[in-house]
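Subject: The structure I promised you

Hi there,

Here is the structure we talked about, with the sequence alongside. Have it open while you read, and I'll walk you through what turned up.

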Amino acid sequence: MKKRIYLDYNASAPLRPSAREAINDIYSNETGAYNASAVHSYGRDGRKHVEDARLNVAKLINADPNMVIFNSGATEGNNTVLHHFIRNFPHDVVFVSTIDHPSVRDAADIFKNVRTFPVDKNGMVDLDTLEKELKIYPVSLVSCMYASNETGAIQDVSKIARIAHGKGALFHCDATQTAGRIHVDMKESGIDFLTLSSHKIGGPQGVGALALGLCGQSPALLFGGGQEKQLRSGTENVAGIAGFGAAAKEAYEHLNHYQALQKWRDKMEEAILSISPEAIIHAKDVNRLPNTTFFSLPNANSQSLLMAFDLEGIAISNGSACSSGSVKPSQTLMAMGYDEKNASGGLRISLGWATKEEDIDAFIAAWTKIYQRISKK
Ligand code: PMP
């Protein structure tokens with residue numbers, strides 16, 4: 001059987017060994033996962049796992065541990081913040097970027113008091129336009145992702161925070177793709193709300209966190225038992241949180257390893273351009289995550305290319321598949337000025353903690369083969 005190679009870390013990273021161990025430890029004890037809010041000794045054991053994880057997650061992003069609220073992932077974190085501001089400040093506008101993840105844009109879509117701000121052809125926020133737009137309206141919140149899940153382009157979030165604060169608004173940043181990949185400092189960047197997801201850094205799926213700054217607003221979406229300081233009701237997912245904490249610790253300690261991936265990413269991009277000179281590598285000239293390549297071939301059908309790679313044993317993505325499996329044009333490429341046809345042809349390759357140089361060589365060999373075949377048609 002052909003060796004399978006996984007190059008789709010921006011969709012979901014494989015579980016890190018330390019995370020697996022943390023989860024197994026909990027599920028293999030006599031009671032399984034504990035109720036971390038119970039007062040008995042089992043509960044106190046569970047609480048310890050949760051609090052240890054909180055310290056590790058806070059360290060990864062330089063947040064105050066007391067202000068890290070565990071939840072089910074980045075979709076929940078984004079919805080929590082957006083809904084809080086849209087609902088509680090109905091006379092103020094919430095601004096979201098045109099490249100934000102659907103869990104930001106769709107959470108905001110149905111409300112009247114939401115506006116978008118644009119990006120340029122490299123997917124970077126147009127800061128002048130943002131500043132001008134903010135002058136026109138009373139604004140409660142500005143939301144912008146830190147690094148794009150599709151292109152990997154990294155925004156100047158400190159500047160965006162300053163612009164938002166200059167207008168008296170707060171700043172929410174979806175750092176789902178950024179934490180554990182480059183240095184993230186919530187305090188230094190002036191971020192008021194920061195969204196995280198465990199499975200993007202090699203922790204389990206279905207766990208995440210929302211970190212709060214000292215801005216005085218405490219958004220909550222779920223009410224009930226009052227867990228997580230009344231901000232996220234529901235019995236804590238102790239094993240998931242412990243796995244998230246272990247992954248956060250390992251990611252923090254191995255940030256250099258992520259930086260080193262850039263060498264292989266650049267080698268891969270050079271090869272792509274040499275094999276297929278008409279390929280466009282998106283956001284190539286701006287500050288990007290070291291692990292991400294998003295490229296398009298004019299007039300290519302990304303879905304059939306994905307399948308061709310899959311037959312070669314290589315898992316990549318087109319960055320635009322929606323959860324139902326149907327393919328929509330990439331919202332990010334559309335926001336960057338591509339028409340619907342060209343926005344449907346992108347291929348995303350994302351490397352991560354277990355990637356080896358031989359995986360990159362296998363990708364290059366597969367692309368050489370696939371490209372030769374499609375060029376003959
Ligand atoms: N934001 C970004 C930037 C993402 O890439 C994703 C995952 N595709 C999410 C939010 C949603 O994350 P989760 O799967 O944890 O809900």
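One term before we start: a residue counts as buried when its relative accessible area is under 20%, as exposed when it is over 50%, and as partly exposed in between. Also keep in mind that this is a predicted model.

Is Glu228 buried or exposed? Its relative accessibility is 6%, and the cut-off for buried is under 20%, so Glu228 counts as buried. You'll find Glu228 in the loop between β8 and α8. For background, most residues other than glycine have a negative phi. Asn62 is another non-glycine residue with a positive phi of about 50°. Asn62 sits in the loop between α2 and β2 (68-71), and at 31% relative accessibility it counts as partly exposed.

Now for the overall layout. The chain is divided into domain 1, made of 5-14 + 255-375, and domain 2, which covers 17-253. On the domain 1 side 27 residues take part in the contact, and on the domain 2 side 31 residues do. Taken over C-alpha atoms, the centres of the two domains are 26 Å apart.

How much area is buried between domain 1 and domain 2? About 2400 Å², with carbon and sulfur atoms giving 53% of it. Within domain 1, the residues that lose the most area to domain 2 are Leu255, Leu289 and Met336, which together make up 27% of what that side buries.

What about polar links across that boundary? There are 15 residue pairs in polar contact between domain 1 and domain 2, while the count of salt bridges between them is 0. On the side of domain 1 that touches domain 2, α9 (255-275), β10 (292-296) and α11 each supply at least two residues. That side divides into 14 nonpolar, 11 polar and 2 charged residues.

Salt bridges do turn up elsewhere, though: the structure holds 20 of them. As a general point, side chains of opposite charge can pair when their charged atoms come close. Here are three to click on:

- Arg54 and Glu51 meet through their side chains at 2.8 Å, N to O. Both belong to helix α2 (residues 41-61), and because they are 3 residues apart there, about one helical turn separates them. Arg54 is buried at 3% relative accessibility, whereas Glu51 is partly exposed at 29%.
- Arg232 and Glu76 form a salt bridge of 2.7 Å, N to O. Arg232 lies in the loop between β8 (208-212) and α8 (238-253) and Glu76 in helix α3 (residues 74-88), so this pair ties together parts that are 156 residues apart in sequence. Both Arg232 and Glu76 are buried.
- Lys159 and Asp156 make a salt bridge of 3.7 Å, N to O. Lys159 is partly exposed, with a relative accessible area of 38%, and Asp156 is partly exposed as well, at 34%.

Which residues are linked with Arg54 in a network of salt bridges? The network consists of Arg47, Glu51, Arg54, Glu228 and Glu236, and that brings us back to Glu228, the buried residue we began with.

Ser330 is in the loop between β11 (314-315) and α11 (331-335). Its relative accessible area is 1%, so Ser330 is buried, and a polar contact of 2.6 Å joins its side chain to that of Glu150.

His172 is in strand β6 (residues 170-174) and is buried too, with a relative accessible area of 0%. The side chains of His172 and Thr195 are joined by a polar contact of 2.7 Å. Leaving aside residues up to four places away in sequence, His172 touches a list of residues that includes Asn78, Leu82, Val104, Cys144 and Phe193.

That's the tour. Have a click around and send me your questions.

Cheers

How values were computed. Residues are numbered from 1 along each chain as its sequence is written. This is a predicted model: local features need pLDDT of at least 70, side-chain atom pairs count only at pLDDT 80 or more; totals for chains, interfaces and linings use all residues. Side-chain values use heavy atoms; hydrogens and water are left out. Helices (H or I, at least four residues) and strands (E, at least two) are DSSP runs, numbered from the N terminus. Buried means under 20% relative accessible area, exposed over 50%, partly exposed in between (1.4 Å probe, protein chains only). A polar contact is a pair of N or O atoms within 3.5 Å; within protein, one must be able to donate a hydrogen and the other to accept it, and residues adjacent in sequence count only if both atoms are side-chain atoms. Domain bounds come from an automatic or database domain assignment. Contact means heavy atoms within 4.5 Å. Buried area is the accessible area (1.4 Å probe) that two parts lose on being put together, summed over both. A salt bridge is a side-chain nitrogen of Lys or Arg within 4 Å of a carboxyl oxygen of Asp or Glu. Ala, Val, Leu, Ile, Met, Phe, Trp, Tyr, Cys and Pro count as nonpolar, Asp, Glu, Lys and Arg as charged, and the others, Gly among them, as polar.
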